[in-house]
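User: I'd like to learn how to read helix packing and ring pairs in a protein structure. Could you walk me through it?

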Amino acid sequence: MAGKYDSIVYDYFEKANGYIILISEDPLFKRMLTSTIFKVIGTKRDCLSVSETVHAGLKKVQAMHKLGQEFIVFIERMIGGNTSTDTILTLKRLLPELKIIVLVGETKRENIAFFYEIGVANVISKPASMNNIIEKLAFTVKPQGKLSEYMDQGKRSLAAGKLMEAMKIAQKVLAIKPESPAGLMLKGDVHLAQNELDKALESYHRAHESSKIYLEPIKKLVDAYRGVDEDEMLKYMKKLDRLSPLNAQRKTEIGKVHVKRREMDKAETYFDQALETVTREAMGMISAVAESISEAVADDPGMSEKYLTKVLEAKGSRLDKDDISLFNKLGIALRGQGKWREAIDNYAAALRISPKDEGLHYNMGMAFYDGGDKHRAAQCFMKALEHNPEFYKRSEAVSMNLGTLFADLRENEYAIPCFENALALNPENSTAARKLASLKESAR
């Protein structure tokens, strides 16, 4: 083993009898996690359980909890076409100390912020390397540094009602790191438990001032002001909403406060945002299901077209740049059936959303090429090159397509670099070599 993170994870399995429950349908991540635990870390114990459904995963969680076994849950953001948010919230409500790592396919800041807000220990973006998995596991098992150790002790003391002991630990943290948000929040929690609201608020405010974008102090302020000062509570709820805008429940709560004040225009704004947030989440589920179905029937362009069309229609005006892959897949399905005109219309719709996407311009060119309109195809290829002059350089097939069309149109200055690139990627490409030689000969 190499490095302290490996050692921390090894000790978790071998000394603490730790266990991992993976809830995922992804065979690639399962293999990666298995290799990480048993080959890289080198544990010999039976310490990994894999469930492909939430129901099976929750049964395993329940069984391990009854045994008093220490375990960490890895769970996909999307399971069976549904988001796992409700499952995570349920687990954290029933087992507040449970450590959860969420697996995501995207890294948007608002998504990450929301997961941390609902109590996950860590987030892993896929595809993940073994080193990334080990590091995230190590930080989940054992937060690094003396301050983290003190904070764990302080939280345990507070939960046990040992308020003086918890306060001493908070002071130790603040002695090591003055204005530590974590230390100040612990201090505020002790004051709140002692019914010293003013002192608690002072600590929470200091924690917030120390780290403006850290969500936890703001949540503490919301809870502290609830039922005491509605204006301040609302102010900090809105701060939370700006930092973590995917929480539909909080948007709804903000709207309710405005209704109570008869500020109906403001209430409507937040209610609309709440519905838009859950609708986007639902559309994400629809998209994931449709993509999964289209991948399953990829060899049948007709069925693939059917399900990709359904999701694009369902999303309607909510389509954005994240949906470009759906348009590209639909275009391939249409071209696979000889529907090149429909494919062109499909790419045109996508370009209205993302007009500088070189991939869309290239794919539209291929559809024109399918229809025998080489001049329109060349115009699309030139547009793609305008937006990214090197977009073809990673693909032998794309280089060959561009080179062949440009050669047909006697645009040798564009064709030659494409064939040269195809040969650089595959020196055995005899077609590229022959066409390149012919073009260079004709240029003499």
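**Reading helices and rings**

Analyst: Let's start with one result: helices H20 and H21 are roughly antiparallel to each other. Keep in mind that this is a predicted model.

User: How do I read a pair of packed helices, and at what angle do H20 and H21 pack?

Analyst: The general idea goes like this. Two packed helices are described by the angle between their axes and the distance between the axes. Now the case here: H20 covers residues 396-408 and H21 covers residues 412-425, and they pack at an angle of about 150° with axes 8 Å apart. Angles over 145 degrees count as roughly antiparallel, so that is the label for this pair. H20 also passes H21 in a left-handed crossing.

User: Which residues of H20 and H21 meet?

Analyst: On the H20 side you'll find Glu396, Ser399, Met400, Leu402, Gly403, Thr404, Phe406 and Ala407. They meet Tyr414, Ala415, Cys418, Phe419, Asn421, Ala422 and Leu425 in H21. Sorted by class, this contact has 10 nonpolar, four polar and one charged residues.

User: Let's pick Ala422. Is Ala422 buried or exposed?

Analyst: Ala422, in helix H21, counts as buried because its relative accessibility is 0% and the cut-off for buried is under 20%. Leaving aside residues up to four places away in sequence, Ala422 touches Glu396, Ser399, Met400, Asn429 and Ala432.

User: Let me try another pair. At what angle do H11 and H12 pack?

Analyst: Their angle is about 155°, and their axes are 8 Å apart. That makes H11 roughly antiparallel to H12. The crossing of these two helices is left-handed. Leu215, Ile218, Lys219, Leu221, Val222 and Tyr225 of H11 meet Glu232, Met233, Tyr236, Met237, Lys239, Leu240 and Leu243 of H12. By class, you get 10 nonpolar, no polar and three charged residues in the contact of H11 with H12.

User: Okay, on to rings. How many aromatic pairs does the structure hold?

Analyst: It holds 10 aromatic pairs. A pair of aromatic rings is described by the distance of the centres and the angle of the planes. Take Tyr225 and Tyr236: their ring centres are 6.2 Å apart and their planes are at 0°, so this pair is stacked. Tyr225 belongs to H11 (residues 215-225) and Tyr236 to H12 (residues 230-243), so the pair ties together parts that are 11 residues apart in sequence.

User: What is the relative accessible area of Tyr225, and what is the relative accessibility of Tyr236?

Analyst: For Tyr225 the value is 10%, and this residue is buried. Tyr236 comes out at 4%, so Tyr236 counts as buried.

User: And which kind of pair do Phe381 and Phe406 form, stacked or edge-to-face?

Analyst: Their planes are at 75° with the ring centres 6.4 Å apart, so this pair is edge-to-face. It links distant parts of the chain, with Phe381 in helix H19 (residues 374-387) and Phe406 in helix H20, 25 residues apart. Both Phe381 and Phe406 are buried.

Notes
Residues are numbered from 1 along each chain as its sequence is written. This is a predicted model: local features need pLDDT of at least 70, side-chain atom pairs count only at pLDDT 80 or more; totals for chains, interfaces and linings use all residues. Side-chain values use heavy atoms; hydrogens and water are left out. Axes are lines fitted to C-alpha atoms, for helices over the stretch in contact, and angles run from 0 to 180 degrees between N-to-C directions. Helices (H or I, at least four residues) and strands (E, at least two) are DSSP runs, numbered from the N terminus. Angles under 35 degrees count as roughly parallel, over 145 as roughly antiparallel, 65 to 115 as roughly perpendicular and the rest as oblique. A crossing is left-handed if the near helix is turned anticlockwise from the far one by less than a right angle, and right-handed if clockwise. Contact means heavy atoms within 4.5 Å. Ala, Val, Leu, Ile, Met, Phe, Trp, Tyr, Cys and Pro count as nonpolar, Asp, Glu, Lys and Arg as charged, and the others, Gly among them, as polar. Rings of Phe, Tyr and Trp (its six-membered ring) pair if their centres lie within 6.5 Å; planes under 30 degrees apart count as stacked, over 60 as edge-to-face and the rest as tilted. Buried means under 20% relative accessible area, exposed over 50%, partly exposed in between (1.4 Å probe, protein chains only).
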